[in-house]
Amino acid sequence: MSDSDLEAFRAETRQWLEANCPPEMREPVRDEEDVYWGGRNASFKNDAQKAWFEACREKGYTVPEWPKEYGGAGLTPAQGKVLRQEMAAINARPPLSSFGIWMLGPALLHFGTEGQKQRFLNEIANGEIRWCQGYSEPGSGSDLVSMQTFGEDKGDHWVVNGQKIWTSYADEADWIFCLVRTDKENKYQGITFMLFDMASDGVSTKPIKLISGNSPFCETFMDDVTVPKSYGEDIPGYVGEINRGWDVAKYLLGHEREMISATGGADRASSLGAVTSRQGALDPVLRAEIAMFDVDALAYTAMSEKFMDELKSGKGHPAQPNMMKYAGTELNKRRNELLMAAGGSHALEWESEASNGGKAARGWLRTKANSIEGGTSEVMLNVISKRILDLPGA
Amino acid sequence: MPLYYDDDQAMLAETASQFMAEEGSIKNQLRHWRDRDCKDGFGHALWKQFAEMGFTGMLVDEDDGGLGMGQVEAGIVLEEIGRNLTPSPFLSSSVLAATALKHGSNDVKGRWLPDLISGDKVYAMAIDEGPKHRPERIATRAEKSGNGFRLSGKKDFVVYGASSEMIVVAARTSGSDDDKDGITLFAVPQDASGMSHDSVRLVDSSMASHVSFDNVELDGDAVIGEVDGGRTILDAVLMAGRVGSAAEGVGVARGAMGMTVDYIKQRKQFGRLIGEFQALQHRAAHLYSEVEIARAVTVKAAQLVDGGSEKAELMTSVAKAKVAKAAGLAVREGVQMHGGIGMTDEYDIGLYMKRDRALQEFLGDQYYHAGRVAELSGY
């Protein structure tokens, strides 16, 4: 596509956003209700959120770069970048957020059958089904491949027993993509990437209360859950091949790391100093620390841009998402430490109206998980050492 | 514009990388001239080769005989200079002075540019007055005198000043020392009477001058741009020089990191390669992450400068500060991970540490530029 075509697309996009993005949707996300996750039980916070979601769904803009036949708009990477830039320019909120978009979708685009893509991708793009991810287990965190949840082969289905942990929003999700051991003898090649309904008999969830006081994660229990091997013609109940789910999981972990680094909050153009100094002059040493943070954060925005550009053109190092995840999450933790310092005693308030229900303090505590979930910083550094720097040893 | 090199830039990077690794290597240039106590601090033959490669005039407009390239391309050459610690007047002549001369009249350009492009002459830039970079304050004065000016004052950290046939001097022609306006840039020839150099060797073996101007008489045609209108030119020169020195810093960081990672893959202690120790692996991986980010923001800043973006100034300061942090880490970790031999003159890692220190100070260190980031962001 020529530059002039791209500029024409930009003008068109600007016009479309102007006409379709309601003013209320051009505000920063303030709380959980501002995020629309879709799914069977979803409800809209207000008419503006509904109108914005529906306009995007019609246009294919909930997943702009997916092919049109799967609910996307079929945009090229360059057009996708223009759309993101134009949305960012008016502070447009994402019309739909979901683990289906960020994680299962990319896995299906890569490994799925045509039948799976037709069904599941359209359901995701249209916000009909909300997915959750079943990876970690109580005894399998960083060492994920040691997981034990087992699916016994019963011919046309499995009977699954076991427990997952850190399942994000499992109590609100409709379906789960779940790693299940199907061969106890074979560590890496004995895991199947299964798809099943959370309403199936034998599935139960229990929210985990975190130090932030919130419960975005659950424990998920599977007690004799029947998982069909097929949901219809060309729609297997698993992604990729049986016993080769680890390949899918690894591919997806890459996407999860990208997602965490992108939404971890470090990738924002606004300067922390500009935000924190609104409440009054900063102590000089704190101001200096914040300035040094802003240097790192602004530099990281350039790295993010480069990373995305390289990813879309297939140029980047395959292990680069690990570096992005490491740097992005560490920055976000630092950002929140500085926000707490700048906020002083007001930022300590846990429940008051003035503090918006302890938003600062709870947010600060929440960010401590950033460098744990989806692979700890230490695991990221291990991966960089081995796969990028080619350092020796275990 | 995607944030990676296009095909032409990738080709330039390959050419520059090969050229600098062969001709500009530490052994052939930095150590060669240093060990002979060369008063220039660089090799003129190499500078002629820079001209043959088209590097000397790469930022000069095509109409004026140059290649009309931008900061991204200059950054590509500078990154290779940094990786090989190649001593050359490229940054001072082909980036700083060339950017100043771009704003000159046709007479000024005609007088100075051809010899820069051909590699026959070297030019310098005189900005700092005192040990720290503080271009907001300029006390060196040029008083009207007949049809010309009379220049008096003192400049510091004039890199390769004593080897330069001409020095671009930022001087005050009106107002008081801290005024933004009232600055004029002058092209001062080497033989100007009343100008004296105290040329000193720096920690990285490069040469820089303390230059004194004692009633130096200058013709009116020494003026670059408009009288009292030099601040905008100076700002452009500073931006080009800062993003350029950031690119050189990225090269220094990558060179030091590469040496260090190679070393820990070879050095054995306790019967194992020391690169097997997680204590070193995590530090190396963190360093890699910092250097990658510094490199990305440097290319970004160069693109913004080339595109005339209003964010160019902010991102140039971000790049300069980020590179200083990353390169500083690279050379400190480099020496530490090399252990005892990292302290020896025989090993190159220490040379990276020395060059980094000089680059840190050049056109503002990380503290200066973090302060600018705060000011430009409104706090």
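In β7(B), which residue is the bridge partner of D198(B)?

A: The bridge partner of D198(B) in β7(B) is H210(B). This is a predicted model, in which local features need pLDDT of at least 70 and side-chain atom pairs count only at pLDDT 80 or more, while totals for chains, interfaces and linings use all residues. Residues are numbered from 1 along each chain as its sequence is written, and chains are lettered from A and ligands numbered from 1 in the order in which they are written.

The pair belongs to an antiparallel arrangement: seven bridges join β6 (residues 195–201) of chain B to β7 (residues 207–218) of chain B. Strands pair if DSSP finds at least two bridges between them; strands (E, at least two residues) and helices (H or I, at least four) are DSSP runs, numbered from the N terminus. Five residues lie between the two strands of this hairpin, where S205(B) adopts a positive phi near 75°.

Turning to the interface, 32 residues of chain B are in contact with 32 residues of chain A, contact meaning C-beta atoms, placed from the backbone, within 7 Å. On the side of chain B that touches chain A, α8 (278–306), α9 (312–338) and α11 (366–376) of chain B each supply at least two residues, and α8(B) gives the largest share, 13 residues. By type, this side of chain B has 19 nonpolar, eight polar and five charged residues; Ala, Val, Leu, Ile, Met, Phe, Trp, Tyr, Cys and Pro count as nonpolar, Asp, Glu, Lys and Arg as charged, and the others, including Gly, as polar.

Notes. Contact = placed C-beta atoms within 7 Å.
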